[in-house]
Amino acid sequence: MKAHVLAEAAVVSSEDVSGTAKSNAAFLSPAGGRKSERLAKLSVLMPVFNEEATVSHAISRVLGSPISLAIEIIAVDDGSKDGTWEILQSWAKRDRRVRAVRHANNRGKGAAIRTAIEHMTGDVAVIQDADLEYDPADYPQLLEPILSGKADAVFGSRFVGHPRRVLYFWHTLANKILTLAANVINDLNLTDMETGYKVIRADILRRLHLSSRKFTIEPELTCRLAQLGARIYEVPITYAGRTYAEGKKIGAWDGVQALCALWYYRWWDNRVSRDDGWATLEAVGRASTYNRWVLKQASPFLGRRLLEAGAGIGNLSRLLTRREALVLLDYDPQYVEMLEAQFAGREGVKVRKGNLNDASLYHDLKLENLDSILCANVLEHLPEDEKVLHGFFEALQPGGRCVLVVPASRRLFGSLDRALGHFRRYEGDQLRQKLETAGFRVIHQRAFNRVGAAAWFVSGRILRRTRLSPGQMRLFDALWPLLRLFDHLVPTPCLSWLIVGEKPAEAIHRAAA
């Protein structure tokens with residue numbers, strides 16, 4: 001929900017969307033390994049191309065790996081011309097743990113992995129080549145950092161602390177150069193970026209925006225995880241590399257492509273998530289200057305015991321912590337999990353999962369003795385916004401204040417609003433009336449961000465865009481200190497409303513009566 005504090009303010013160009021959010025610390029598991037309690041199945045993603053000599057043995061080794069999790073193998077035949085497909089079909093018929101999927105034509109390793117992701121049903125995923133260079137006996141140490149709740153992704157390193165087959169110097173040098181480039185570009189300290197053993201939490205992997213078709217899937221996964229802020233661990237693995245005579249397929253040109261891919265996925269196609277709303281959330285996190293300005297306008301009305309209703313991934317929450325009590329509420333379980341990880345150990349901060357449409361929620365919130373509620377660009381997502389406002393009124397102490405930031409002007413409603421899940425945009429008198437009907441006395445109302453209204457109209461009504469990009473957000477954020485000086489002079493509808501309703505002190509007497 002919370003994508004839109006800045007989404008409503010930051011469309012300053014019509015470029016297409018992409019998104020990164022390294023600052024999100026996205027999808028981090030709560031401290032103490034709580035996430036591991038729900039990890040029951042390992043999905044083995046096995047891209048296969050002309051591996052009839054080894055694929056059957058590879059499947060046997062995977063199914064016999066010494067782990068406690070249930071195993072499923074998603075084997076994707078990437079247009080093999082030998083007997084690979086027949087072998088995979090045979091395995092799928094006699095063992096329900098094996099699923100065989102086929103590409104009619106050879107598309108590349110990355111395309112095969114992306115197909116496997118679409119079919120996986122597990123809680124953790126590992127990429128497993130079918131050529132026996134990587135040993136499934138290493139699964140226990142690869143899984144341990146994720147199962148213990150310490151990591152979101154684990155890379156198996158071929159270059160630290162283990163026996164390995166001695167092979168090509170130039171191939172090893174190329175790997176080290178690519179790893180160095182990945183570390184410089186993404187601010188990491190990996191020892192083996194090109195490793196074929198990457199283990200990733202499935203909930204993360206399903207959301208990643210991946211487009212690689214070839215061996216460039218390795219640098220793309222590395223960039224996406226770094227951009228996401230995922231916790232990456234490395235563990236040593238055994239490695240029995242093949243020679244080219246034995247069927248090794250990667251070559252010098254693949255190394256050049258990988259180097260280009262690192263640049264491309266870090267700075268050009270840097271959208272992290274497949275989900276439009278999440279992509280906008282990621283982009284929103286870029287505009288820290290504007291975030292602080294919005295909070296500065298709202299802060300005179302925010303008290304010491306605050307509820308942030310619809311906290312999302314914490315874009316504003318990080319700026320609200322210096323209080324006696326801060327309750328962060330969201331309905332999305334993954335956002336709640338991220339908030340728990342982000343604010344673990346913070347005194348006075350409580351994270352709650354709750355549905356704002358649930359009337360019983362507000363009775364529970366009343367026990368928090370709230371003196372203020374901040375609901376920033378959430379109300380427009382709720383079908384029964386008036387009931388929610390009544391709930392806010394119930395939850396607040398007498399004299400408490402409800403601070404709303406909402407999208408303005410029905411004329412601006414377009415594809416961006418639909419993609420973001422908006423039911424409506426608000427006119428000023430309509431918003432005031434809804435608050436007063438709920439029992440509030442409106443004590444402040446301000447229109448802002450008129451400069452963004454024209455760009456929102458062009459993007460959402462004419463060009464029919466569905467996402468915001470980090471580039472848009474960064475540009476808007478950089479220009480905002482200047483734009484805000486003459487924002488009130490622009491003769492266009494505003495893009496957003498800031499409105500404050502106060503619960504009258506006499507409400508306690510009416511309640512008692």
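Is Tyr-290 buried or exposed? Select Tyr-290 and check: its relative accessibility is 0%, so Tyr-290 counts as buried. Buried here means under 20% relative accessible area, exposed means over 50%, and partly exposed is in between (1.4 Å probe, protein chains only).

**Before you click further**

This is a predicted model, where local features need pLDDT of at least 70 and side-chain atom pairs count only at pLDDT 80 or more, while totals for chains, interfaces and linings use all residues. Residues are numbered from 1 along each chain as its sequence is written, and side-chain values use heavy atoms, with hydrogens and water left out.

**Stop 1: the whole thing**

The protein has 19 helices and 14 strands; helices (H or I, at least four residues) and strands (E, at least two) are DSSP runs, numbered from the N terminus. Of the 513 residues, 57% are buried. Among contacts with a separation of 6 or more, 81% are between residues 24 or more positions apart, a contact being heavy atoms within 4.5 Å.

**Stop 2: the cores**

Select Leu-45, Met-120, Leu-205, Leu-208, Leu-221 and Leu-225. In the largest nonpolar core, which has 36 residues, these touch the most other members. A nonpolar core is a set of buried Ala, Val, Leu, Ile, Met, Phe, Trp, Tyr and Cys residues joined through side-chain atoms within 4.5 Å. Elements giving two or more residues to this core include β2 (70-78), α4 (109-119), α6 (169-186) and α9 (252-268). Color α8 (217-228) separately: α8 gives the most to this core, with five residues. Another core of 34 residues lies apart from it; Ile-71, Ala-75, Ala-151 and Val-235 are among its members. In soluble globular proteins, nonpolar side chains tend to be buried together.

**Stop 3: strand β5**

Now go to β5 (153-157). Five of its five residues are buried. Ala-153, Phe-155 and Ser-157 point one way, Val-154 and Gly-156 the other.

Which strands pair with β5? Strand β6 (residues 198-201) pairs with β5 in the antiparallel sense over three bridges, and Val-154 has Val-199 as its bridge partner there. Strand β7 (residues 232-236) pairs with β5 in the parallel sense over five bridges; in β7, Ile-232 stands opposite Ala-153. Two strands pair if DSSP finds at least two bridges between them.

Show the side chains of Phe-155 and Lys-198 too: the charged end of Lys-198 sits over the ring of Phe-155, 4.9 Å from its centre. The rule is that NZ of Lys or CZ of Arg is within 6 Å of the ring centre and within 35 degrees of the ring normal.

**Stop 4: aromatic pairs**

Rings of Phe, Tyr and Trp (its six-membered ring) pair if their centres lie within 6.5 Å; planes under 30 degrees apart count as stacked, over 60 as edge-to-face and the rest as tilted. By this rule the count is eleven aromatic pairs. One to select is Tyr-134 with Tyr-197, a tilted pair at 5.0 Å centre to centre, with 50 degrees between the planes. Tyr-134 is in the loop between β4 and α5, Tyr-197 in the loop between α6 and β6, and 63 residues separate them. Tyr-134 is buried at 3% relative accessibility, and Tyr-197 is buried at 0%.

Then return to Tyr-290. The ring centres of Tyr-290 and Phe-476 are 5.1 Å apart and the planes are at 70 degrees, so this pair is edge-to-face. Tyr-290 belongs to helix α11 (residues 288-298) and Phe-476 to helix α18 (residues 470-483), so the pair ties together parts 186 residues apart in sequence. Phe-476 is also buried, with a relative accessible area of 0%.

**Stop 5: strand β14**

Finish at β14 (residues 496-502), where seven of seven residues are buried. Ser-496, Leu-498, Val-500 and Glu-502 are on one side, with Trp-497, Ile-499 and Gly-501 on the other. Strand β12 (residues 396-407) pairs with β14 in the antiparallel sense over seven bridges, and Val-406 is opposite Trp-497. Strand β13 (residues 441-448) also pairs with β14 in the antiparallel sense, over seven bridges, with His-444 opposite Val-500. Lastly, select Lys-503 and Phe-393: the charged end of Lys-503 sits over the Phe-393 ring, 4.8 Å from its centre.
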